[in-house]
Amino acid sequence: MTTEVVSPSLIPTLPGHTYVSEDIFRAEQEHIFEQMWFCAVRTADLEKAGSFKTVQIGRESVLINRTRKGEIRAFYNICRHRGVKLCMEESGEANRSFQCPYHAWTYDLEGKLIAAPNLTKMPDIDRNEYGLVKVHVREYMGYVWVSLADEPPSFEEDVMGAIEERLGDLRAVDDYDIANLSLGRRIKYDVKANWKLIIENFMECYHCATIHPELTEVLPEFADGLAAQYFVGHGAEFGDDIKGFTIDGSEGLDRIPGVGDDHDRRTTQ
Ligand code: FES
């Protein structure tokens, strides 16, 4: 297999082994998912003090919770004693602390070690030093973003900059007030495929007319997707007789109050 460009109209697919090689996947985990800012959870899912979620980021399990001061913290989900996974659940409410299931080391919502069997007989143990290991966290647009990097890339450049580059202006998303939108439904897909295939499929709309005819009915522009060159992020316009962004183009929900005429009747991905 080769990535040699045969025709300028086609961008070559990566060689087949890059989708199945364990070495390449490990390198991707290390250099992409464990370095970049990762959109981890909805802030609204951490409703009150003690609400937590555990999220797999690269090869690490990360524990994200809301503290008693109402702030969000994220830690490696690993007990500092013998490295057991601290929280097994995907989400839940901790009362005031997290307790390791193995020898009962207990950490408060700020990650500090607050109790352990015989801890008072071990005065040399610094409870902050043996607290949970923090990871970088940032709240933006109603989401908690996490970076496992020692020195994370600039959030302003990498995340906000990417939005600006794609949409021309951060206001294009600010107007939607995403943080205050209510969750209608959550669907989780477990896809047996390498992650790059999912991204590649999402990034092109060459397949839309054949695979998603109901979508191209609503967004006729998507039917014109060129092979691997069509950039779907600019805000595709609804068809003339389409009333709303629904499965059959019928009336949808009311317009979000902050969204102006320039973004109404468009979908932006
Ligand atoms: S491994 Fe967690 S308390 Fe021992």
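Five residues of domain 1 are in contact with six residues of domain 2, where contact means that the C-beta atoms, placed from the backbone, lie within 7 Å. This is a predicted model, in which local features need pLDDT of at least 70 and side-chain atom pairs count only at pLDDT 80 or more, while totals for chains, interfaces and linings use all residues. Residues are numbered from 1 along each chain as its sequence is written.

**Two domains**
- Domain 1 covers 15-194 and domain 2 covers 204-267; these bounds come from an automatic or database domain assignment.
- On the side of domain 1 that touches domain 2, there are two nonpolar, no polar and three charged residues. Here Ala, Val, Leu, Ile, Met, Phe, Trp, Tyr, Cys and Pro count as nonpolar, Asp, Glu, Lys and Arg as charged, and the others, Gly among them, as polar.
- Between the C-alpha centres of domain 1 and domain 2 there are 33 Å.

**The sheet**
- An open sheet is built from four strands in the order β4-β3-β2-β5, with antiparallel pairing. Strands are DSSP runs (E, at least two residues), numbered from the N terminus, and two of them pair if DSSP finds at least two bridges between them.
- β4 and β5 (91-93) are the edge strands, each pairing on one side only.
- β3 and β4 run antiparallel and are joined by five bridges.
- Across from L63 stands F75 in β4.

**The nonpolar cores**
- The largest nonpolar core has 28 residues, and A40, V62, L63, I64, A74, V135 and V146 are those with the most contacts inside it. Such a core is a set of buried Ala, Val, Leu, Ile, Met, Phe, Trp, Tyr and Cys residues joined through C-beta atoms within 7 Å.
- A residue is buried if 20 or more other C-beta atoms lie within 10 Å of its own, exposed if 12 or fewer, and partly exposed in between, with C-beta atoms placed from the backbone.
- A second, separate core of five residues includes C205, L219, F222 and A236.

**A look at E90**
- You will find E90 in the loop between β4 and β5.
- E90 is exposed because it has 10 other C-beta atoms within 10 Å.
- Beyond its neighbours within four places in sequence, E90 is in contact with K53 and T54.
- E90 and T54 are 36 residues apart in sequence, and their C-alpha atoms are 5.0 Å apart in space.

Terms used: Two residues are in contact if their C-beta atoms, placed from the backbone, lie within 7 Å.
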